[in-house]
There are 2 protein chains.
Amino acid sequence: METIPSKEIDERIKKLQLKLREKEIEAAIIAQNVDLFYFTGTCQKGYLIVPAQGEPLFLVNKSLKRAQEESPLANIQFLQSFRNLPAALQENMPHPKKIGLELDVLPAHLYLRFQKIFPQAQIVDISMAIRKLRMLKSPYEIEIFRQGAAIDRQMLDAVPRFLREGKREVEFAAEIECFLRSLGHQGAVRMRQFNQETFYGHVMSGENLTYPTFFDGPTGGPGLSPAYPQGPGWKKIHKGEMVLVDYLTVYQGYCVDSTRFFFLGDNVPELLQKAHQVTLLIQDEIIKTAKPGVYCSEIYRLARQLAADSGFKDYFMGHSEDQAPFVGHGVGLELDELPFIADRQDYPLQEGMVFALEPKMIIPGLGAAGVENTLLVTDRGLEKITIYPEDIILVEPR
Amino acid sequence: METIPSKEIDERIKKLQLKLREKEIEAAIIAQNVDLFYFTGTCQKGYLIVPAQGEPLFLVNKSLKRAQEESPLANIQFLQSFRNLPAALQENMPHPKKIGLELDVLPAHLYLRFQKIFPQAQIVDISMAIRKLRMLKSPYEIEIFRQGAAIDRQMLDAVPRFLREGKREVEFAAEIECFLRSLGHQGAVRMRQFNQETFYGHVMSGENLTYPTFFDGPTGGPGLSPAYPQGPGWKKIHKGEMVLVDYLTVYQGYCVDSTRFFFLGDNVPELLQKAHQVTLLIQDEIIKTAKPGVYCSEIYRLARQLAADSGFKDYFMGHSEDQAPFVGHGVGLELDELPFIADRQDYPLQEGMVFALEPKMIIPGLGAAGVENTLLVTDRGLEKITIYPEDIILVEPR
């Protein structure tokens, strides 16, 4: 199995250590599996201790053997159980004044245990610093995105083969999932925010495109039951309906996000056609404007203004109280990374950011339209990583 | 879409309130999506406030409309944003002395926010009380398990059609996934423990059956990359190999867990055959012995003793430092529910528990064998919910 280059891990650790020194934090203790993977190259169970200076220590409970095979880190030790953690930590950090934890994802009970291990230490949240590091992708990571995008393209090519009148949404979805998986999709999509989750993404048709749910995105979908209330449902796909394919391709851990709309028939309702054109316009104007230095909030306001100017204010990124307050989101090892292309996100685009731009219109009673691509911020502007025709794709009903 | 009967929710809330009064907790604030679903019947985004006495209040951020449609609770109110939560909580609980939160799953930063909202209150962990309630399944829930088990059976029937020499593990897995999904599998498998996750479960062959990983189970598997290191890999399935199908069927939220072993050919190595017979013996002896009142730890020790007596001590539930310290685990809306059939779990089986019993042997260099069924604890003993032939299933290589 391909493992991560040692240089990649070295640089990530060094950047984290720089942040720690800036904040006068003596050490970070990394516990979440995705952050562990980012800083060690392996997803095995354990804790990574990164001191502000010097060699990191990776304490691994299971599987030590696999961690040693996959991670280029020099100092990997066996951790028999959580009961041994206090001693191991106190040995390495006798009297820390300030330690950093991922307070956005670490469960409260673990946080309280760390408090007991270090009763004298101040515990601070290191999660934003980690998320900002992870926001800027290396050439190594960008190459993985490109490989994922090639699979995404093959999937979009195959979709018309699976799309048939009278087929249930979930059956249609199952075939796309099978196709993606066979080509190397890892299956699971990881999200960082508490309670947010998705299974491949969203595939829906017709009125189900406007079915609301908890998910922080423009579309929701019924799902198969209230227990997992998003994505494809039991509904059959009919002639004359818009069909959304907003599926992630997660390759070697990295989320590639695209959306294309298909239409079963050839008479797309005029309002949906217009809606689609407006989303393409929004995308194109953003690509003309955006480059390093431009604020994320500015890009969002441009998108919202263009939607309003075109008469689509009430449909932009959802309708009524369920409007999603953004037009793009960073992607990486998690689906909900920085940057967010949203109001009040007053920080600039930077070279190496990768985000999904997804202007969409949700029109109650009619359906939805829009486009989504995964974009890389280069020194000159935005570059599409996902490349595929963006018009509504007409499929002949069979 | 089918929604939950109001009586079901009433009873769950009443039982929680009894626990709260026992512990002198004034109110529980439920935040995790799975617990929310259990106590409200919907998985929408919000917070459920359950006072020790009286009507619960469900504050919903998104989607209010859907929460109202799906939940039989009487008091559902709109929560504009988290910023409005302090006021809403303080209005309903002016000066609480003791409140309960799910400290095992609630992220530390949310815990700290609740501390700020109620600076005078003692915050206690309510998660074990909730997990113990959820451990005992109602007739309504057991009926859903039976529906899931019917899908599991159809899947096992179909497996030999998908199993071919030279096919990659991930391609084989993709076809099983597609089959399950088309029949109503929700896709996602939820786990409660921090950093634990699985995608459908495990499908592996030959030497990959002994590939170690972080996952708390007898098998691991390579996965497609170190980023998601479990389950099927790129390896091709060969003649003369054991093939594991340990896939969850998650229907209407509930996990049905079974394992069967397939063999491509007809000459199963003797040691694997013997290992398989021992696991069947362990299962049968447990079914003869176990009933309400018998301790979980006792059952585990019986299993371990039988494995040792048969000469399989070193292979039981894994090998060397990667041995899983259990032989069964509760299933429900999450894969890792109570009870755990493990050492030191000194509490008795109770009527209404549902757990997966999975005696397995992992033999380095050779493969694995075993069986898994989802079982219901009735007043008389154990009843298999998953019913399917348990011998190694021979498949002719094509």
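Select B:Ile29 and B:Ile49: B:Ile29 stands opposite B:Ile49, a residue in strand 2 of chain B. This is a predicted model, in which local features need pLDDT of at least 70 and side-chain atom pairs count only at pLDDT 80 or more, while totals for chains, interfaces and linings use all residues. Residues are numbered from 1 along each chain as its sequence is written, and chains are lettered from A and ligands numbered from 1 in the order in which they are written.

**The sheet of chain B**

Two strands pair if DSSP finds at least two bridges between them. Helices (H or I, at least four residues) and strands (E, at least two) are DSSP runs, numbered from the N terminus.

Two residues are in contact if their C-beta atoms, placed from the backbone, lie within 7 Å.

Select helix 5 (residues 108–117) of chain B and pick out B:Ala108, B:Leu110, B:Tyr111 and B:Phe114, its buried residues. They cover an arc of only 160° around the axis, which puts them on the same side of helix 5 of chain B. The arc is that of the directions from the helix axis to the C-beta atoms. A residue is buried if 20 or more other C-beta atoms lie within 10 Å of its own, exposed if 12 or fewer, and partly exposed in between, with C-beta atoms placed from the backbone.

What covers these buried residues? The cover includes helix 5 (108–117) of chain A, along with strand 5 (98–101) and strand 6 (122–125) of chain B.

Move on to B:Phe118, in the loop between helix 5 and strand 6 of chain B. B:Phe118 has 19 other C-beta atoms within 10 Å and is partly exposed. Leaving out residues up to four places away in sequence, B:Phe118 touches B:Pro96 and B:Ile99. For a distance across the chain, pick B:Lys288: B:Phe118 and B:Lys288 are 170 residues apart in sequence and 52 Å apart in space, C-alpha to C-alpha.

**Strand 7 of chain B**

Select strand 7 (residues 201–205) of chain B, where 5 of 5 residues are buried. Both faces are covered: B:Gly201, B:Val203 and B:Ser205 lie on one side, B:His202 and B:Met204 on the other. Strand 7 runs antiparallel to strand 8 (residues 242–251) of chain B, joined to it by 5 bridges. Within this pair, B:Ser205 stands opposite B:Val243 in strand 8 of chain B.

**B:Ser320**

Next comes the loop between helix 10 (296–309) and strand 11 (326–330) of chain B, which holds B:Ser320. Is B:Ser320 buried or exposed? B:Ser320 counts as exposed, with 11 C-beta neighbours inside 10 Å. B:Pro364 is 44 residues from B:Ser320 in sequence and 9.7 Å away in space, C-alpha to C-alpha.

**The side of chain A that touches chain B**

Show both chains. 61 residues of chain A are in contact with 61 residues of chain B. Helix 2 (33–40), helix 3 (64–70), helix 5 and helix 8 (169–182) of chain A each supply at least two residues of the side of chain A that touches chain B. Helix 8 of chain A gives the largest share, 9 residues.

**Chain A**

Chain A has 10 helices and 18 strands, and 55% of its 398 residues count as buried. The C-alpha trace of chain A spans about 70 × 40 × 35 Å along its principal axes.

End on strand 2 (residues 45–51) and strand 3 (residues 57–62) of chain A, which pair in the antiparallel sense over 5 bridges. There the bridge partner of A:Leu48 is A:Phe58 in strand 3 of chain A.
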